[in-house]
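The following explanation leads through a single predicted model.

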Amino acid sequence: MTKEPAPINNIIRSRRSIFPRDFTGARVEDQVVRQMLENANWAPSHKLTEPWRFIVYTGEGLRRLAELQAACYESRTRADGTFSEDKYIKLLKKPLESSHIIVVAMKRDPHKRLPEVEELGAVFCAIQNMHLTATAYGIGGYLSTGGITYFEEAKQLFGLDQEDRLIGFFHIGTPAQWPDGHRGPFESKFKWIDK
Ligand SMILES: Cc1cc2nc3c(=O)[nH]c(=O)nc-3n(C[C@H](O)[C@H](O)[C@H](O)COP(=O)(O)O)c2cc1C
């Protein structure tokens, strides 16, 4: 185990959410995406339940994802009267702006040995590993939790059971630029008690 903190400090602080509007359109190498998935798999999980699940869509697969989510949106919103043509078109077109989209899900431990929050926490750790790995390769990405993420019926599109959770869509692309980030002072977010 080598002790080399500088690279991780740099990667953590330079990780940014980079959106499809800032992608060049150049395809990201599959090998980088595989590395992101492999590092995601090294996330911690209580009782080693390893609850993260991923489905990668790329190439023509992106069109399939677009059609899946647009159809899911349409059938729900036509039924409840909230259908918007603009949203529908966006769901059909947006996925095509990314090089790869990773659908992220949480597979619930069948014995429910842990509170759900712990399994969700583990999946978000996996997402962060993925995002930090992309950053290390100079690849852009962000987690979208919009669209059909919280539609109960979306689960079955991705082979999930009722007790599982669809977490979101991690969009990946080649960044045209790398934005700056901003955070409030970390000193305002902790207390340090030593006596
Ligand atoms: C759980 C979670 C859900 C998010 N969902 C969305 C989303 O649906 N749409 C979006 O534009 N950004 C989303 N983001 C990205 C945040 O907007 C972004 O992390 C935040 O603005 C800070 O920017 P940074 O990631 O570049 O530091 C999400 C981030 C997290 C952690």
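Two strands are said to pair if DSSP finds at least two bridges between them. In this predicted model, strand β2 (residues 100-106) and strand β4 (residues 165-173) pair in the antiparallel sense over seven bridges. Within this pairing, V104 stands opposite G168 in β4.

Strand β2 is also joined to strand β1 (residues 52-58), again through seven bridges, and these two strands run antiparallel. Two of the facing positions may be located directly: W52 stands opposite M106 in β2, and F54 stands opposite V104 in β2.

How many residues of strand β2 are buried? The count is seven of seven, and the strand is accordingly described as mostly covered. The side to which each residue points can be stated as well: H100, I102, V104 and M106 point one way from β2, while I101, V103 and A105 point the other way, and all of them are buried.

The axes of α3 (residues 60-80) and helix α4 (residues 85-93) come within 7 Å and cross at roughly 160°. Because angles over 145 degrees count as roughly antiparallel, α3 and α4 are therefore roughly antiparallel to each other. The crossing of α3 past α4 is right-handed. On the α3 side, the contact involves A66, Q69, A70, Y73 and E74, which meet K87, Y88, L91 and L92 in α4. By class, the residues of this contact between α3 and α4 comprise six nonpolar, one polar and two charged.

A further helix pair consists of α2 (residues 30-40) and α5 (residues 116-136), whose axes come within 8 Å and cross at roughly 145°. The crossing of α2 and α5 is right-handed. Helix α2 contributes Q35, M36, N39 and A40 to the contact, and helix α5 contributes A126, N129, M130, T133 and A134. The contact of α2 with α5 contains five nonpolar and four polar residues, and no charged residues.

Conventions. Residues numbered from 1 in each chain as written. Predicted model: local features only at pLDDT ≥ 70, side-chain atom pairs only at ≥ 80, totals over all residues. Buried ≥ 20, exposed ≤ 12 C-beta atoms within 10 Å, placed from the backbone. Helix = DSSP H or I, 4+ residues; strand = E, 2+ residues; numbered from the N terminus. Axes fitted to C-alpha atoms, helices over the stretch in contact; angles between N-to-C directions. Parallel < 35°, antiparallel > 145°, perpendicular 65-115°, else oblique. Left-handed = near helix turned anticlockwise from the far one by under 90°. Contact = placed C-beta atoms within 7 Å. Nonpolar A, V, L, I, M, F, W, Y, C, P; charged D, E, K, R; others polar.
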